[in-house]
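Subject: Structure handover

Hello,

Here is the structure you asked about. My notes on what turned up in it follow below.

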Amino acid sequence: TSITNDTTRLETSYEFIVIGGGTTGLAIANRLAVNHTVLVVERGPDLMDNEVVNDPFTTFGTPSPCHFQMSAPPQVGANGTRSLPLTHGSCLGGGSAINAMMGSRPTFAGMSALEALGNPGWGWNDFLPYMQKSETFSPPDAAQRADGADYVRVVHGFAGPVGVSYATPFVAPDLQNAAIETCTSPSVYGLSVSPDLGTGFSGGHVAHYYHHIHFNDTLQADRRSSSAWSYLYPKAQGRTGLTVLTDHIVNEVSTKGAAGGNITATGVLVQPTAGGKVMSFTATREVVVSAGALYSPAILQHSGIGNASFLQSLGIKPVLNLPGVGANFQDQILLTNVSLPLNPSANNTNVTAGDKVLLGIVVGHPTATLAFGSNGTNIIGEALSNSSADFTLSVGGVVNAESFKAQASVMADAYRIDHPIIELFFTPGSTVLDAWSQSILPLSRGTVRINTTDPSADPVVDTRFLTVDIDVQIAMRMARGIAQAATTPPFSDLLTSDALAQSGVPPVDATDDEVRSWVLATYTPGIHFIGSNSMMPEALGGVVSPELIVYGTTNLRVADASVMPLSVFPHTTLGLYGIAEKAADMILKAAAANKL
Ligand SMILES: Cc1cc2nc3c(=O)[nH]c(=O)nc-3n(C[C@H](O)[C@H](O)[C@H](O)COP(=O)(O)OP(=O)(O)OC[C@H]3O[C@@H](n4cnc5c(N)ncnc54)[C@H](O)[C@@H]3O)c2cc1C
């Protein structure tokens, strides 16, 4: 593999060009380069030797040279609006080089919803083998098992590049077991204990959680399993056909095509990230856009692919009128910074974790019934069905009301099976224990739009968080779930008696108005951006087909978080490796059949 930031010695033609050397892009490039020439263009640098990036315990908010924040239009707050910068990774590995490595998978119900939205071949049974292909799962050792960790062998992979393991050492087992027991209490969510949250079954479970970290010495010991440390850097992953160009941005995809017919991607225009001369590279087979949900729609728009009248308003000549580009953008929301002071007498129980802190070592997933009572699925189903599309349509979050209704309908069906509605997770600290809660399947939709023809400028990402009432109702339930957990033994026994008041979370008996105000004043982005080039029928505002080919093109694919039309990955990364493996498989099959 050649990794360089110098274009002078590069070939100018490759069979495949992958835009973005992030989570999905490097995984796809690795598979294609086994028997094809591939150029990856990555905007950020190669930080292979940077120990801040490599160390799995420097996570989430730690200053890192890969860590960037995009400013975004203000969103709803308790008393007006709030500014919520959007965090993303820009270096080899992309988001996987800075994320919290919580190793989450979708459920059977979630993948059924994705399939029902018009995506045959994307159900759980089709998708599981691709998640397995990407993974080397390290079963818990005897000590971890004694502390409660478990797994279900048949759902895991044991020969893939991505290391997935329980934390080693198994931090704060007393906290973990107390948190699990508390989540089984009817006064919290009444969850049942699961051996493994990756089986596809949800049904209201809580479990010890694994992370995408190479704790397994056969891969890379104690390194985060970023896509760079999984699919690129290890010697076993070396590919003579693979060239990775860092510190350069793709300005646009070059295309040719007859009017009224499908267009063909012929290559990309590239310039140094720091500015400089524009160069052209040719792709003889396909161009794959993997620049993530914030940037991939912007690249298509700069290429003349998007809402034609919008592009014309910026002076860009439309190549393809595809109004869904940049619509359907979504993110889960997070209730975070809930720091519950630790009871000093609990120190002896091994709850402190020093600086070896991993986010979310215990995760609970209540269903609608467990969160909202025995009639919960009907309450949520009706709320979804009755949600008005008007506001979302007026801001361009969906291209038509049918799209909003179709998405609400498959979400209601997913909840009817057993899909989790909320995630509650626990994180150890030295003097505090943190409880966090995250929404899973939001219905609010925003937009990603360029506002200049300068390809190096960030797009405008208008998230429209919590603009559909059902999302606010679920967020309020999330806040109440944290309050209940913090006051229910044995978890509460680990905390000071005034821990909840210290954290600022409204008490269990707070009024709805108090809870709503606190939620609107404190929520943050979940940083699981998706949807801005959604895989769904074109009539619903879809941008790519189930084969991930951009509608109206012969050989332009998008494969990254932007293609997910629904947030069925509670955290995105392990699912995205599944998307990468499936995309590579489809691309290689098409190449072998000489279709492209
Ligand atoms: C702080 C944080 C914590 C997170 N925690 C978790 C977690 O615990 N578990 C989990 O599963 N997920 C987590 N996520 C989410 C997950 O990391 C992302 O969803 C995922 O990395 C997105 O992958 P992607 O391939 O779509 O895009 P990315 O990984 O973002 O890759 C896109 C790449 O494209 C590059 N690029 C952009 N524009 C251009 C251009 N014009 N030309 C060339 N290159 C370009 C970018 O620099 C980037 O490297 C977290 C994310 C963040 C930011």
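The largest nonpolar core has 194 residues. Note that this is a predicted model. Within that core, the residues with the most contacts are Ile 17, Ile 19 and Met 411. Helix 14 supplies the largest share of the core, at 10 residues. As background, nonpolar side chains in soluble globular proteins tend to be buried together.

Leaving aside residues up to four places away in sequence, Met 411 touches Ala 113, Leu 384, Leu 441, Leu 443 and Leu 566.

Helix 14 (469–486) also turns up in another place: with strand 5 (75–77) and strand 21 (333–335), helix 14 is among the elements that cover the buried residues of helix 16. Which residues of helix 16 are buried? Helix 16 spans residues 512–522, and its buried residues are Val 515, Trp 518, Val 519 and Leu 520.

On the chain as a whole, 17 helices and 29 strands make up the secondary structure. Along the principal axes, the C-alpha atoms fill a box of roughly 70 × 55 × 40 Å.

Of the 596 residues in the protein chain, 59% are buried. Taking contacts between residues at least 6 apart in sequence, 73% join residues at least 24 apart.

Regards

Terms used:
Residues are numbered from 1 along each chain as its sequence is written. This is a predicted model: local features need pLDDT of at least 70, side-chain atom pairs count only at pLDDT 80 or more; totals for chains, interfaces and linings use all residues. Helices (H or I, at least four residues) and strands (E, at least two) are DSSP runs, numbered from the N terminus. A residue is buried if 20 or more other C-beta atoms lie within 10 Å of its own, exposed if 12 or fewer, and partly exposed in between; C-beta atoms are placed from the backbone. Two residues are in contact if their C-beta atoms, placed from the backbone, lie within 7 Å. A nonpolar core is a set of buried Ala, Val, Leu, Ile, Met, Phe, Trp, Tyr and Cys residues joined through C-beta atoms within 7 Å.
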